[in-house]
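Reader: I am new to this structure. Please show me how to read its features, one at a time.

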Amino acid sequence: MEEGKTNVRGAERRLERAREALKVAMSRLASVRRAALRGNHDAEALDVAVLACREAQATVRAAREDLEREWMSALDRSIPAASAPEPGRANADAASDPEPLQITPRLLFARWLVQTGRLTDAVSGDVVHIAVEPELQPAA
């Protein structure tokens, strides 16, 4: 599991670096546009700034997709593989087994809340008490 965490952290760092590069490119584009509005129009500098922004945006998109792939592969590694049922029990268990759990974005989000410590549960008897961090609670 540590390898998965390392891969996810590396992907998160790449995304942060890509976002910082995008901020720099957008800032440069804004300054070139301001200069053009003041009358110092440099078409070549504007083209370079626009291309740099597009490249930075593509890098951010690729980093997001990479992070999503790493999260999904880490999730796949953390879910134990289903063992094959014994041949004699296959038919008997088929009727009693509930529908397999479908991994949905909502389930992934809930798992992320628990992993980051923003959602905790405490079990007392048959009742589950769920505590949500104050910043995540809806406004009253």
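Reader: Which residues have the most contacts inside the largest nonpolar core?

Author: First, a caution: this is a predicted model. Now the core. The residues with the most contacts inside it are Leu-15, Val-60 and Leu-67. The core has 16 residues.

Reader: What does Leu-67 touch, not counting residues up to four places away in sequence?

Author: Leu-67 touches Val-8, Ala-11, Glu-12 and Leu-15. Glu-70 sits in helix H2. Apart from neighbours within four places in sequence, Glu-70 contacts Asn-7, Val-8 and Ala-11.

Reader: Is Glu-70 buried or exposed?

Author: Buried means under 20% relative accessible area. Glu-70 has 17%, so Glu-70 is buried.

Reader: How many helices and strands does the protein chain have, and how do they run?

Author: There are 4 helices and 2 strands. From the N terminus on, the order is α-α-α-α-β-β. The chain has 140 residues, and buried ones make up 17% of them. Its accessible surface is about 11,200 Å², with 56% belonging to carbon and sulfur atoms.

Reader: How many salt bridges does a search of the whole structure find?

Author: The search finds 4. Take Arg-14 and Asp-66. Their side chains meet in a salt bridge, 2.6 Å from N to O. Arg-14 lies in helix H1 and Asp-66 in helix H2, so the pair ties together parts 52 residues apart in sequence. Arg-14 is partly exposed at 37% relative accessibility, whereas Asp-66 is buried at 18%. Arg-14 and Asp-66 are also linked with Arg-69 in a network of salt bridges.

Reader: Which residue forms a salt bridge with Arg-19?

Author: Glu-16 does, with the closest N and O atoms 3.5 Å apart. Both residues lie in helix H1, 3 residues apart, about one turn of the helix.

Reader: And which residue forms a salt bridge with Lys-23?

Author: That is Glu-20, and the closest N and O atoms are 3.5 Å apart. Lys-23 and Glu-20 are both in helix H1, 3 residues apart, or about one turn. Lys-23 is exposed, with a relative accessible area of 53%. Glu-20 is partly exposed, at 40%.

Reader: How is a pair of aromatic rings described?

Author: By the distance of the centres and the angle of the planes. This structure holds 1 aromatic pair. The rings belong to Phe-109 and Trp-112, with centres 5.9 Å apart and planes at 25 degrees. Planes under 30 degrees apart count as stacked, so this pair is stacked. Phe-109 and Trp-112 are 3 residues apart in helix H4, so about one helical turn separates them. Phe-109 is partly exposed at 48% relative accessibility. Trp-112 is partly exposed too, at 31%.

Reader: Which residues make a nonpolar surface patch?

Author: Ile-79, Leu-101, Ile-103 and Leu-107 make one of about 360 Å². Look at Ile-103. Ile-103 is in the loop between helix H3 (90–96) and helix H4 (105–115). Its relative accessible area is 43%, so Ile-103 counts as partly exposed.

Reader: What does Ile-103 touch, leaving out residues up to four places away in sequence?

Author: Ile-103 touches Leu-75, Ile-79 and Leu-108. Take Leu-75, 28 residues away along the chain: the C-alpha atoms of Ile-103 and Leu-75 are separated by 10.0 Å.

Conventions. Residues are numbered from 1 along each chain as its sequence is written. This is a predicted model: local features need pLDDT of at least 70, side-chain atom pairs count only at pLDDT 80 or more; totals for chains, interfaces and linings use all residues. Side-chain values use heavy atoms; hydrogens and water are left out. A nonpolar core is a set of buried Ala, Val, Leu, Ile, Met, Phe, Trp, Tyr and Cys residues joined through side-chain atoms within 4.5 Å. Buried means under 20% relative accessible area, exposed over 50%, partly exposed in between (1.4 Å probe, protein chains only). Contact means heavy atoms within 4.5 Å. Rings of Phe, Tyr and Trp (its six-membered ring) pair if their centres lie within 6.5 Å; planes under 30 degrees apart count as stacked, over 60 as edge-to-face and the rest as tilted. Patches are made of residues with over 30% relative accessible area and no salt bridge: like charges are joined within 9 Å, nonpolar side chains (Val, Leu, Ile, Met, Phe, Trp, Tyr) within 5 Å. Accessible areas come from the Shrake-Rupley method with a 1.4 Å probe; for residues, only the protein chains shown count as cover.
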